[in-house]
Amino acid sequence: VPESADAVLEGLDPEQREVATALHGPVCVLAGAGTGKTRAITHRIAYGVRAGILPPASVLAVTFTNRAAGEMRGRLRQLGVAGVQARTFHSAALRQLQYFWPKAVGGELPRLLERKIQLVAEAAARCRIRLDRNELRDVTGEIEWAKVTQTVPGDYPAAVAKSLRDAPRDPAEISQVYGMYEQLKRDRSVIDFEDVLLLTVGILQDRHDIAEHVRRQYQHFVVDEYQDVSPLQQRLLDLWLGDRESLCVVGDASQTIYSFTGATPDHLLNFRTRHPGATVVKLVRDYRSTPQVVHLANGLLGQARGRAAEHRLELISQRDPGPEPAYVEYADEPAEAEGTARRIRELIAAGVPAGEIAVLYRINAQSEVYEQALADAGVPYQLRGAERFFERQEVREAGIALRGAARAGGNDALLDDVEDLPAQVRAVLSTKGWTTEPPAGSGAVRDRWESLAALVRLAEDFVRARPQATLADLVAELDERAAAQHAPTVQGVTLASLHSAKGLEWDAVFLVGLTEGMMPITYAKTDEQVEEERRLLYVGVTRARLHLSLSWALSRAPGGRASRRPTRFLNGIRPGSAAAGPRAAGGGGGVEHGAGRRKRRGPVLCRVCGKTLTDAGEMKLMRCEDCPSDMDEALYERLREWRSVQAKELGQPAYC
Ligand code: ATP
Ligand code: MG
């Protein structure tokens, strides 16, 4: 614990000190990844408290996840500070709502709705709209998005059109279900998680006495990851603040990767307009990554376009030089996974702990081949924010159905006129509602479809390796793989989607599957969506402290046509590629080719649905036009996080 307030400042560079000592008036810190934003605001609170300028109970530090709030409390403790509230928006609002409800409305705060999806299902049924389990999750996600963007049911169709989101169903239907869901909640006197923010905002807006009470309690506000603030959260922050100005926000517009949940960097970028007297501090020293990693991150930002990019800052690494990033091209996906597993083993043998290594991909459906390769290589691993492939419900259900048909020994009427194995698998899966064509939209329905499509591809690969194989052989193979992948959960290599890697760091990071179609993902069509994909890659790159590998495979399966291209985001950066624009930066490292098998000509199949492709453009991408993929697992991860706040907070004493 530092001995004095001044000692708290010792671990900071001059700009970070400026942030820590600017205790009066609004402060905005705009800075890139790893520059010590979180560190600067934590030290600011500690300095203010220990210098006797900020009474601890008057400070509210707001973060976006429980993990971040817990981390901030831990860091404050280490700096000798107790009594400061570090909370998420939801947890802070819920405490206030519980405390003020009896006075503002009377009686007890309504019960928090526990099974939201069930109520949405009931609302849909009453509207005579049929939704399956996954569609229900997607529609629920849309209702949540509408609420955080303060969109009422009647305005949803117009708002969704304006937002360029892909609605998972007809927007008019969603609007109807949303309206009915709100009605049912009122009838049953329950509130949902978004209502916690909406009601707090409502009470603070209408009841000046209560707003004054809250403002007397909290006088100084600090917000981390401010680029993620939603319009509703911003409204709450404004009400907390009133006409005062003791607000310090930190953020990196280049790390905005959650726009699809309603987050927007506009508040960060407009901070100075709203607070003309604000102290604006820019941090450019990167304490996390080597100069090589930082150089690559700068190169990516140099090519970025759009509003966030106008505010980019060149990062300057403070670390000693390390290895050059490796750009690795493989012939096919299994070769990429095997090559990655081999390199991971080498790193572990060289002394890098498995827990300090991560494999990051764009969508969770990509995990299977890496789970398999790591299991084969005897490397322990864990997934972040998703279930292991063979533990996913749809994959387990499909396994049961396949086992049933194998057991029938080919006498299953269903399989009578189906000759080859992948077709048999498709036929069995069709009894589980699976279609060769992917469902429209993205989200849970799409997730489930992607998992089953991965299973069909697995069958295709299996039959390619063993042309005489039967359905029973395939079932045995699946069982074997499921068992092999069931490795004990010791501290292992992290497998995670890029979205769920945000805010974390590892010594070694493998960014895999960096092909056009996956990065940017096919359904990112507008310029804004493509830019968000580029930021996602930037977030991935900046997770690495020392070792960074970027790889892609030219075809999906061994022997397939080499028709895929590495992501456009590496043009002008990866050695040997043409520059993408005037600001393209150079990058180091030699291109290595994987040990993949010889290419062979054959029909080009869509890598998602297996359909034979004829269109030249589609063949290049190895994806048919109506096979985009999906990113909404990140949305669900956020929702899970919110729910866990809800669960945790309910048992706690009320505000004040
Ligand atoms: P992100 O954008 O990913 O959230 P950040 O800007 O919040 O990153 P921090 O997590 O605060 O960055 O800091 C990154 C790493 O650099 C941490 O390990 C932190 O302890 C270290 N660090 C930050 N500032 C300094 C400093 N002045 N001296 C030494 N280490 C520092
Ligand atoms: Mg941070």
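## A tour of the sheet, its neighbours and the domains

Four bridges link strand 2 (residues 59–63) to strand 3, and these two run parallel. Strands pair if DSSP finds at least two bridges between them; helices (H or I, at least four residues) and strands (E, at least two) are DSSP runs, numbered from the N terminus. One of the bridges has V62 facing its partner R87 in strand 3.

This is a predicted model, in which local features need pLDDT of at least 70 and side-chain atom pairs count only at pLDDT 80 or more, while totals for chains, interfaces and linings use all residues. Residues are numbered from 1 along each chain as its sequence is written, and chains are lettered from A and ligands numbered from 1 in the order in which they are written.

What gives the most to the shell around ligand 1? Helix 3 (residues 37–50) does, with three residues. There are 16 residues around the ligand, and G36, K37, T38, R39 and Y287 come nearest (near: C-beta, placed from the backbone, within 6 Å).

| Domain | Residues |
|---|---|
| domain 1 | 5–96 + 197–283 + 640–650 |
| domain 2 | 114–191 |
| domain 3 | 293–387 + 488–625 |
| domain 4 | 391–482 |

Between domain 1 and domain 3, 16 residues of domain 1 are in contact with 17 residues of domain 3 (contact: C-beta atoms, placed from the backbone, within 7 Å).

Next comes a helix pair. Helix 6 (residues 116–126) and helix 9 (residues 171–188) pack at about 120°, and their axes are 8 Å apart. Helix 6 brings L119, V120, E122, A123, A124 and R126 to the contact, and helix 9 brings V177, M180, Y181, L184 and K185.

Where is R128 placed? R128 is in the loop between helix 6 and helix 7 (133–148), and its phi is near 55°, a positive value in a residue other than glycine. The peptide bond from M519 to P520 is cis, with omega near 0°. P520 sits in the loop between strand 15 (506–511) and helix 23 (527–541).

Notes
Domain bounds come from an automatic or database domain assignment. Two residues are in contact if their C-beta atoms, placed from the backbone, lie within 7 Å. Axes are lines fitted to C-alpha atoms, for helices over the stretch in contact, and angles run from 0 to 180 degrees between N-to-C directions.
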